[in-house]
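Hi,

Here is the structure I said I would pass on.

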Amino acid sequence: MASAGKRVTVTFDSLMPNTTYTVDFADAIEDNNEANKLQGFAYTFSTGETLDSLRISGMVLDSRNLEPRQGILVGVHSNLNDSAFVRTPLLRVAKTDDKGQFTVRGLKEGTYRVFALDDKDNDYKYGNPEEDLAFYEITVTPTSERIETTDTVYDS
């Protein structure tokens, strides 16, 4: 990713077919005049006909002092085996913000295990004994629900 003035260029080495991708800019974009940051901006696109749009959000706290953990990688695995997080990289990831909050975006329907990792070697999996690791004990199945409502404003 490169930026120059009013333009940001994102380049990909290769993209898989029929896959949803999300580029999460977090707070990296700001206006040129007053340096106001655009919070939580993400760009999502698909290389197929389906745009997966489910999300998992939460917060990571340090178990030693219950303070929010900033910059921790949070990711999911659709492989529910106990050892998946040491053998294969996380499927989708997000980083925690300054309040320890995260949103993993672009998920398709399914069941996931959620992991938080202080990924020191940037391989998106646990393998370094110096990396802090946490996990959510139960699996998560994100869902969506369509709700229709009638507007209460009408002409007389």
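Starting with charge: the chain carries 16 positive and 26 negative side chains, and the centres of the two sets sit 4 Å apart. Lys and Arg count as positive and Asp and Glu as negative, with His and the chain ends not counted; each charge is placed at NZ of Lys, CZ of Arg, CG of Asp or CD of Glu.

Before you read on, this is a predicted model: local features need pLDDT of at least 70 and side-chain atom pairs count only at pLDDT 80 or more, while totals for chains, interfaces and linings use all residues. Residues are numbered from 1 along each chain as its sequence is written, and side-chain values use heavy atoms, with hydrogens and water left out.

On the fold, there are 12 strands and 1 helix (DSSP runs: E of at least two residues for strands, H or I of at least four for helices, numbered from the N terminus). In sequence order that reads β-β-β-β-β-β-β-β-α-β-β-β-β. The C-alpha trace spans about 65 × 40 × 40 Å along its principal axes.

How much of the chain is buried? Of its 156 residues, 26% are buried (under 20% relative accessible area, 1.4 Å probe, protein chains only). As for contacts (heavy atoms within 4.5 Å), 58% of those with a separation of 6 or more are between residues 24 or more positions apart.

Cheers

Terms used: Buried means under 20% relative accessible area, exposed over 50%, partly exposed in between (1.4 Å probe, protein chains only).
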